[in-house]
Amino acid sequence: MSKKEKDVSTASEKKQSKAKPKEKKPGFFARIGKWFRDLKSEAKKIVWPTRKQTINNSAIVIAAILVIGAFIWILDAIFNLGITALITISAV
């Protein structure tokens, strides 16, 4: 045997010795149970906002909705006046 053949054979032997036997996949219900356990542990990590923070954030959202709604209403009124003016000019 040449040196190259020995290197190839030892490399393939090393790969075979490193290969782990396939681990058996857990069953369907075991995976579902693990998923729910993980879900429960993650839910415990949630930091919920205080009542004051919730009220403050809700007020900010409502104020933003009102401001944006008023802005859109004003633009709609301006565009309506512009379209009406164009229609009356073209009708003459």
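Student: What makes up the nonpolar surface patch of about 880 Å²?

Tutor: The nonpolar surface patch of about 880 Å² is made by Ile 68, Phe 71, Ile 72, Trp 73, Ile 74, Leu 75, Ile 78 and Phe 79. Patches are made of residues with over 30% relative accessible area and no salt bridge, where like charges are joined within 9 Å and nonpolar side chains (Val, Leu, Ile, Met, Phe, Trp, Tyr) within 5 Å. Accessible areas come from the Shrake-Rupley method with a 1.4 Å probe, and for residues only the protein chains shown count as cover.

Student: Before we go on, what kind of model is this?

Tutor: This is a predicted model, in which local features need pLDDT of at least 70 and side-chain atom pairs count only at pLDDT 80 or more, while totals for chains, interfaces and linings use all residues. Residues are numbered from 1 along each chain as its sequence is written, and side-chain values use heavy atoms, with hydrogens and water left out.

Student: And where does Trp 73 sit, and is it buried or exposed?

Tutor: Trp 73 has its place in helix α3 (residues 51–91), and with 62% relative accessibility it counts as exposed. Here buried means under 20% relative accessible area, exposed over 50%, and partly exposed in between (1.4 Å probe, protein chains only).

Student: How many helices and strands are there?

Tutor: The protein chain has three helices and zero strands, and along the sequence the pattern reads α-α-α. Helices (H or I, at least four residues) and strands (E, at least two) are DSSP runs, numbered from the N terminus.

Student: So how much of the chain is buried?

Tutor: Of the 92 residues of the protein chain, 0% count as buried. The chain exposes about 9,400 Å², and carbon and sulfur atoms supply 69% of that area.

Student: Changing topic, how many salt bridges does the structure hold?

Tutor: The structure holds two salt bridges, each being a side-chain nitrogen of Lys or Arg within 4 Å of a carboxyl oxygen of Asp or Glu. In one of them the side chains of Asp 38 and Lys 34 meet at 2.9 Å, N to O, and in another Lys 45 pairs with Glu 42, their closest N and O atoms being 3.2 Å apart.

Student: How far apart are Asp 38 and Lys 34 in the helix?

Tutor: Asp 38 and Lys 34 are separated by about one helical turn, because they lie four residues apart in helix α2 (residues 28–44). Asp 38 is partly exposed, at 36% relative accessible area, and Lys 34 is partly exposed too, at 45%.

Student: What about aromatic pairs, how many are found?

Tutor: A search of the whole structure finds two aromatic pairs. Phe 28 and Phe 29 form an edge-to-face pair, 5.3 Å centre to centre with 75° between the planes. Rings of Phe, Tyr and Trp (its six-membered ring) pair if their centres lie within 6.5 Å, and planes under 30 degrees apart count as stacked, over 60 as edge-to-face and the rest as tilted.
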